[in-house]
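I opened this entry to write down what I looked up, one topic at a time. The sequence and the structure come first, and my notes follow.

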Amino acid sequence: MTERTRPPSRICPSCDGFASVAVTLGGRNRNGHLRIITAHCLDCHGIATVRRSLTREAARV
């Protein structure tokens, strides 16, 4: 019986699946809340996966 192989992973190689992060800027606003910005991965645009064609290209390298 042959082994079943899984399809290649679609996780973004640049962010390793952590596509969006919250970064504190330090300090607080007038209401006492931390000042936070959200940064997204430039390659996958914050969705943590890549298209099949990009996955195949990365596998060849």
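**Notes on a predicted model**

I began with burial: of the 61 residues of the protein, 13% count as buried, where buried means under 20% relative accessible area, exposed over 50%, and partly exposed in between, with a 1.4 Å probe and protein chains only. The model is predicted, so local features need pLDDT of at least 70 and side-chain atom pairs count only at pLDDT 80 or more, while totals for chains, interfaces and linings use all residues. Residues are numbered from 1 along each chain as its sequence is written, and side-chain values use heavy atoms, with hydrogens and water left out.

**Layout**

I looked up the secondary structure and found one helix and two strands, in the order β-β-α along the sequence. Helices (H or I, at least four residues) and strands (E, at least two) are DSSP runs, numbered from the N terminus. I then checked contacts, meaning heavy atoms within 4.5 Å. Of the contacts with a separation of 6 or more, 51% are between residues 24 or more positions apart.

**Core and cysteines**

Which residues make up the largest nonpolar core? I listed seven: C12, C15, A19, C41, C44, A48 and V50. Such a core is a set of buried Ala, Val, Leu, Ile, Met, Phe, Trp, Tyr and Cys residues joined through side-chain atoms within 4.5 Å. I noted that C12 is buried, with a relative accessible area of 1%, and that C41 is buried too, at 11%. Leaving aside neighbours within four places in sequence, C41 touches C12, S14, C15, A19 and G46.

I next counted disulfides, pairs of cysteine sulfur atoms within 2.5 Å, and got zero. For C12, the nearest cysteine sulfur is that of C15, 3.8 Å away.

**Surface**

I found a nonpolar surface patch of about 320 Å², made by V21, V23, L25 and I37. Patch residues have over 30% relative accessible area and no salt bridge; like charges are joined within 9 Å and nonpolar side chains (Val, Leu, Ile, Met, Phe, Trp, Tyr) within 5 Å. A salt bridge is a side-chain nitrogen of Lys or Arg within 4 Å of a carboxyl oxygen of Asp or Glu. Strand β1 (residues 20-28) gives the most to the patch, with three residues, and L25 is in β1.

Last, I looked at H45, in the loop between β2 (34-40) and α1 (52-60). H45 is exposed, at 64% relative accessible area.

Terms used:
Areas by Shrake-Rupley, 256 points an atom, 1.4 Å probe, with all protein chains shown as cover.
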